[in-house]
Amino acid sequence: MWQISGVLGAIMLYQLCYVSRAVTPLSYPELRALVAQARAYNAAHGITGILFYGEGNFAQVLEGEQAEVERLFDCIQHDARHYDVTVITRVTRPRRTYPQWGMAGHRLAEAQFAELVKYLPEEADAPPLEARLEAFVSKSEQL
Ligand SMILES: Cc1cc2nc3c(=O)[nH]c(=O)nc-3n(C[C@H](O)[C@H](O)[C@H](O)COP(=O)(O)O)c2cc1C
């Protein structure tokens, strides 16, 4: 961990956020399996972030070194479990929003997910992303 954070300390962090729709609704065990696999890969590639699932919809924030994030996003985009993959933001940030290694996973009710999506874009004087998403994390079921 110290090796990766040492390198990342010297560069800006790249953050990509997208939403997508599941081809078929995923069960709790399927979601858990997806997140477990993501955690293993992401931890090994210095990628952190958060994945939300709400009644057939995904929203994910990926952060790390730009090339690593884009390489992973290319795989994710081609994943047959979802479609309509729509990028909301591609930004650089001075530090990680989600510093825990891997990938947090949260399941939300449909109405909450619809509300969450409104808070994803980076508006000019909006609070930081983690503050905007905090309320949704606390209402969610952890994956
Ligand atoms: C919504 C969604 C989010 C995903 N997020 C990640 C992720 O953060 N990290 C990851 O390694 N795989 C993630 N995956 C899985 C990848 O798309 C892909 O299945 C995985 O990288 C294995 O690819 P491979 O079978 O070509 O090796 C996600 C899949 C979906 C549908």
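Tutor: The second largest pocket holds about 210 Å³ of space. Keep in mind that this is a predicted model.

Student: Okay, which residues are closest to the centre of that second largest pocket?
Tutor: Tyr98, Gln100, Ala104, His106 and Val137 are the closest, out of 15 residues that line the second largest pocket.

Student: Which elements give two or more residues to that lining?
Tutor: Strand 5 (104-107) and helix 5 (129-139) do.

Student: And how does the lining of the second largest pocket split by class?
Tutor: Six of its residues are nonpolar, six are polar and three are charged.

Student: Now the largest pocket. What volume does it have?
Tutor: The volume of the largest pocket is about 310 Å³. Helix 2 (28-44), strand 3 (57-64) and helix 3 are the elements that each put two or more residues into its lining.

Student: Which of those gives the most?
Tutor: Helix 2, with five residues in the lining of the largest pocket.

Student: Which residues lie nearest the centre there?
Tutor: Leu34, Gln37, Ile76, Asp79 and Arg81 lie nearest the centre, and the lining of the largest pocket has 15 residues. By class, that lining has nine nonpolar, four polar and two charged residues.

Student: Which residues of helix 3 are buried?
Tutor: Glu68, Val69, Leu72, Phe73 and Ile76 are the buried ones. Looking down the axis of helix 3, you find these buried residues within an arc of 130°, so they line one face of the helix. Ile76 also turns up among the residues nearest the centre of the largest pocket.

Student: New topic: how confident is the prediction? What's the mean pLDDT?
Tutor: The mean pLDDT of the chain is 91, with 92% of its residues at 70 or more.

Student: Which element has the lowest mean pLDDT, and which the highest?
Tutor: Helix 1 (residues 2-9) has the lowest at 50, while helix 3 (residues 66-77) has the highest at 98.

Student: Someone told me to look at glutamate 55. What's its phi?
Tutor: Phi of glutamate 55 is near 40°, which is a positive value in a residue other than glycine. Glutamate 55 sits in the loop between strand 2 (48-54) and strand 3.

Student: Why does glutamate 55 count as exposed?
Tutor: Because its relative accessibility is 53%, and exposed means over 50%.

Student: What about aspartate 84? What's its phi, and where is it?
Tutor: Aspartate 84 has a phi near 50°, again a positive value in a residue other than glycine. Its place is in strand 4 (residues 82-93). With 49% relative accessibility, aspartate 84 counts as partly exposed.

Student: Last one: where is methionine 12?
Tutor: Methionine 12 is in the loop between helix 1 and strand 1 (13-22). Methionine 12 is partly exposed, at 47% relative accessibility. C-alpha to C-alpha, methionine 12 and threonine 89 are 16 Å apart in space, and they are 77 residues apart in sequence.

Terms used:
Residues numbered from 1 in each chain as written. Predicted model: local features only at pLDDT ≥ 70, side-chain atom pairs only at ≥ 80, totals over all residues. Heavy atoms only, no water. pLDDT = per-residue confidence, 0-100. Helix = DSSP H or I, 4+ residues; strand = E, 2+ residues; numbered from the N terminus. 1 Å grid on protein atoms, 1.4 Å probe; cavity = no way out; pocket = protein on both sides within 12 Å on 5 of 7 lines; lining within 4 Å. Points joined across faces, edges and corners; volume = space filled by probe spheres on them. Nonpolar A, V, L, I, M, F, W, Y, C, P; charged D, E, K, R; others polar. Buried < 20%, exposed > 50% of the residue type's maximum accessible area, 1.4 Å probe, protein only. Arc of directions from axis to C-beta.
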